[in-house]
Each structure stands twice: as C-alpha cells, then as structure tokens.
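Reader: Please show me the structure. I would like to go through some of its features one by one.

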Amino acid sequence: MAEFLTEKRQNGLLQISLQNDWVFANLNGLQAALDAVDLGNVTHVELSCSGIKQFDLAGAWVLYEKSLDLEEIEIRTDFKGFQEAHFKFLQHIIDIAARKEYVPGFFDPKPNRWLVNGIRKLGSNTIDAVDSVGFIARSVLDGIKRPSRLVIGEIIRQIHATGTTAIPIVMVVCFLMGVVLAYQSARQLEQFGANIFMVDLVANSIFRELGVLLAAIMVAGRSGSAFAAALGTMKLTEEIDALRVLGLNPNEILIIPRVVGLMIALPLLTVFANIAGLIGGAFIGAIVLDINWFSFTERLATSIDVNDVLVGLSKAPVFAFLIAVTGTLRGMQVSGSAEELGRLTTVAVVQSIFLIIVADSIFTVVYSRIGF
Amino acid sequence: MTTEFEHVIRIRGLVNRFGTQVVHDQLNLDVRRDEILGLVGGSGAGKSVLLQSMLGLHGPNEGTIEVLGQTIRHHEPGPHKQWGVLFQDGALLSGLTVQENVELPIALHSNIPVETRRELAVLKIFMVGLDLKAASKYPNELSGGMRKRASLARALALEPKVLFLDEPTAGLDPISATEFDQLISYLHANLDLTIVMITHDVDTLFGICDRVAVLVNKGVIVDTLEEIVKHPDPWIQEYFGDPRAVRARKAAIAKVTI
C-alpha cells in the first residue's frame, strides 16, 4: 500500500507532506491515512501538497473535509505548495461547500415507509437486457455460484409481486372452479346415487391438474405481462444501456430475480389454489348435495394421497420458469416504439399460456406412463 | 492509470453495416486529450452508431476502437470507471431518486462508506447546479434541463477522464441550452476532461467545441471550426452556410474579439 503522507513535528506545528495519487480510487486509504494522524499537542497543521501526483475532486474533498474537522477542534490549517490545477480543485470544492446545506441523514427514508420504499426502489433498480435463452441459463448458473445481495432482495420482491399479491384472485378463481366441478359431477353421479364420489372427482382434478393450471394461467396474465412491459419500457428509455455502461451485468440483476422469484412463488400459490378449490367443492357439497363438511373430509382422506398433491406441485416450478423466461425475453426484444411494447406484451402472455398447456399435457402423459 | 495517452480515443478502420446499408466505411478518428470534440452529421449519417460503438453497446463489423488504451468489445465492460455518459434523455434509472442515481456507480465500484459516498454524490449534484430538493426527487418529477443536469452528475460520479454527451442541449429552451453549454465548458476547464459530444446545436458547436468531426460519405472529416467551414464537401458547405450556423459563427467570433 502506497504511502499517502509523511508527518514532521515541531512543537505545536505539524507538517504533513502529501504524496502519490489523491484520487477517487484511493479514497478509503486517503481517509484512513488522515485519520491516523496523531493530533495530540498540535495547534497548527501545514498541508504541503507539492508531492501529489494526481488529484481529483474526491481527493480535494477529503482534504477540505479534514480542514473543516480541524477547524472545529480549533487547529489552524494551511495549504502549501499547490500546483495551480490542484488549487483550482480545492477552490472549487470550497465554493460549492459554501452553499452546503446537506446534513447526514437528509436522504434517509422515513422509518415507517422504509421497507415498502426500499423494496420498491430495489425493484425498479433492476434493469437490463437478454440476447438469448442461453444467456439466461448461464446467468442463472452464475447467480447460484455467487449470489449478491442485490439479486436476493429482488427475488424477494418478485415473490411478493408475483405471489403474495396474486393470492386473492387465484383463490377466488379456484373456489369458483371447485363449485363448477362439484355441480357438474354431481349432476352425472346423482343418476347412480353416487353423490359422495363427487369428492374424489373434485379433489383429484383440483390437486392433480386444475389448481396448478389455473394459478399458472392467472400468473401468466398478471406477471408475464408485467415482466414484458417492465423490461420493454426500460429498453425504450435506454435504462438498460445505462446499466451496461455502468458495468452491470443486465442478465444477472434483471432475469435471475424474475425467474427464481416466480419459481418460488408459483408453488406456494398452488397450495392456496388447491385449498380454495376444495373449499368450493365442499361448499356446494354442503348446501346442495347433502354431503356435510364431516363426510366431505372423511371421503377426502381416502380418495387422495400425497402423490396426488405432489403431482400438482411438481408442475408449478416448470410452469413458473416458462412464464418468467417468456415474459422477460419478450420484454428485452422490444425496440423502437411503444406499439412494439404492446405487441410483445401480448405475445408474452399468449405464448406463456400456450407453453403451460403444452407442458401440462406432456406431464400428464409422462406421469400416467410411469404411474405417478 | 498514470499511463498517458496522446489520443484518448483511437478508432481505426471502423465498418458498420446494417443489411446492405453501409453506415461507416473504414472510418478513422482520433480524439486528443482534454479537447471538446463535436460530432455532427446529417440524419442517418451514423452519429449514434458511432457513439454506441465507442461505448461497446454496438458491435462494429470491422475495425478497432480504443478508449483510454483499452480495446472496446461488444458486450464486454469497457473502462466504465473512467468514462461517463450522458444519454440523450438522461437515462436516469426511473425507480431511483437523483441522489440514488448518482450514488449508484459509486456504490457499485468502490467500498466507500455510505455517508462518504452520499456526500460525494451531493457534491456532484451541487456541481451541476442542482439543489437538495431536486436531488430527492424521482427523474419523472424533473424538467428536461434538470434531468440532463442530474444525468451529468451521474456521469461525473466516478471522476471520469472521458465524457460522452449525446445531444446535451436537444430539447432544451435556448436559455437552458446556453446554461448547459456554460456548465459543460466550466466543468471542462476545472476537471481534466476529454469530451466527445454529438450535437445539432450550432451555438454549442461554435461556443465550446475545440474541434469538429463531421460524418460525411461514410467517413469522418475532423478539423478546427475555422478550417472546417472552408472544406469543399457539399454537405459541410450547406451545414455551415445555413443562416443559423452563420449567425452562431458571427456571435462566436464577436465574443472572441471582445
């Protein structure tokens, strides 16, 4: 580590010769070096600047701040041996600081809104571009190898945005689907006096298929479009270019959180969807078909096992991956106009729902072949 | 970092093609230390593509570009600690306040404590002539001129050696535009900055640029203002023969002689 200063003491006079590069890149070292100076018995400090090789605003600012600190404890500070260019910097700093009204803590957010604001800001902070699906896969792998705090925070925000806020609508839809299933099956089963088998029908279809399918379709409509629109807008306003120039990997902070966040959120949503569907079925059973809550749950225990639940849940991460990748990819393809943005948002939703249904049929065939 | 380059930017044999349309053909350009270079050219002459190539945002078909001695490659980080870019509409991150926008590059590229970082950001914000009230606002709450200033503060956050400006005065009223020109030449005088700017504003061109690079015939003609107005190329003659350009030139000459 380079030496930034040397000290010389004469009674109350402390002469500090500054040397090497007083620039932004060394800022921490500079501050540490100045802080390490022992000020015992010192009444007058002389800063000799002729040894400075490179100097910039940050370096000048450190010196200026130090001189202010010293002034506060009544130590006189003089600057000696400035090259003209260096002096201009310092003068500049002093000019600006003369108008200084900034006090530490000015920008600190209000405590009660800290969490909401912080998460929201962190969220809109994540911006940038994807060139291909291959890029996404690589970025996900990179992210797993060395997760950064920025990305983890954003994953949490995505889980909230795509999962938590979708709970009410998903539950309402699945409740109604449970009602419909119960009604339709009851009409057929009544002919055989086999009302109670309505429970098997509702539970099996909800757990194995409809819970996860409806949750995924709702999420594709809500979040798939949101991903495409958000990224597309960022693309249009050059925000993604800005991030690139700042040296950030767009894929890492933009794609990973959405993909990973949704892959965590959708299985959790599916659980809520399943519960709502069962309640819907039980509700109709109780008020229309004379199957009370007790016999419903009793029948449920015999008609369903853990495998049925797992079949449904195992599809959720795959669906989530399809939705997130389609949404982000389409968003990144936006260029030129706001119309393009609208078109690609539509494409993102339609394609993700299509892919969900294709994937679901593959699952069904494969699972029935292996008897899962 | 201490290495000295005679030319901050060196472009050799640059070729940019879009389909069959050739935008740049064997373009060479050198940008000298501490100069303000104005980049002009008709619509579609490839000003923006040239800028994007220099920033590594666009991959040229052929040719090499060096900025501060580092070869620029598409999709690879350039010398982003040593350059600052002012995009045309500011390109401030819309989810962050001005102060956070300015702090972001500092936070990403150094381990400076939060409070120091914040004070440095405030310094930059003051330097471009904004106040604390503007600093705590979001970009969409600011006027065009303030957005440009804020974006300039972000571009200056890491004490860059090269500053790229994309139409810094476009969309500003004449008073704001003049103020912005003054701000840029003030910063140029006080910080060791090399500035490359795309501009359509003849006042800016005559007011603060040391040299002008004109994009014509898929190449570039670079010279000082006095020389370039004498160049026989028809587009250059038309551009600098335009009444607005003539007025701006007269005004600039008048300013010098006073």
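Reader: Is Val67(B) buried or exposed?

Author: This is a predicted model. Val67(B) lies in strand E4 of chain B, residues 62-67. A residue counts as buried when 20 or more other C-beta atoms lie within 10 Å of its own. Val67(B) has 26 other C-beta atoms within 10 Å, so Val67(B) is buried.

Reader: Which residues is Val67(B) in contact with, leaving aside its neighbours within four places in sequence?

Author: One of them is Ile9(B), 58 residues apart from Val67(B) along the chain, and the two C-alpha atoms are separated by 4.5 Å. With sequence neighbours within four places left aside, the contacts of Val67(B) are Val8(B), Ile9(B), Met54(B), Ile72(B), Gly78(B), Pro79(B), Trp83(B) and Val162(B).

Reader: Why can H5(B) be called largely enclosed by the rest of the structure?

Author: Helix H5 of chain B covers residues 144-155, and its end C-alpha atoms are 16 Å apart, which agrees with the 16 Å that twelve residues should span at 1.5 Å a residue. The buried residues include Arg147(B), Lys148(B), Arg149(B) and Arg154(B). H5(B) is largely enclosed because, of its twelve residues, the number buried is ten.

Reader: Which elements do the buried residues of H5(B) pack against?

Author: Met146(B), Leu152(B) and Ala155(B) are among these buried residues. Their partners in chain B are strand E6 (83-86), helix H2 (98-109), helix H3 (114-127), helix H4 (132-135), strand E7 (162-166) and helix H6 (174-190).

Reader: Which are the edge strands of the open sheet in chain A?

Author: The sheet has four strands in the order E1-E2-E3-E4, with mixed pairing. An edge strand pairs on one side only, and this holds for strand E1 (5-10) and strand E4 (76-80) of chain A.

Reader: What angle does the direction of H2(A) make with that of E3(A)?

Author: E3(A), residues 44-55, runs parallel to E4(A) and is joined to it by five bridges. In E4(A), Phe79(A) stands opposite Leu47(A). H2(A) packs on the sheet and touches E2, E3 and E4 of chain A; the angle between the directions of H2(A) and E3(A) is about 175 degrees.

Reader: Which helix gives the most to the side of chain A that touches chain B?

Author: The contact takes 33 residues from chain A and 35 residues from chain B. On the chain A side, H1, H2, H3, H4 and H9 each supply at least two residues. The most, five residues, come from H9(A).

Terms used. Residues are numbered from 1 along each chain as its sequence is written. Chains are lettered from A and ligands numbered from 1 in the order in which they are written. This is a predicted model: local features need pLDDT of at least 70, side-chain atom pairs count only at pLDDT 80 or more; totals for chains, interfaces and linings use all residues. Two residues are in contact if their C-beta atoms, placed from the backbone, lie within 7 Å. Two strands pair if DSSP finds at least two bridges between them. Axes are lines fitted to C-alpha atoms, for helices over the stretch in contact, and angles run from 0 to 180 degrees between N-to-C directions. The expected span of a helix is 1.5 Å times one less than its number of residues.
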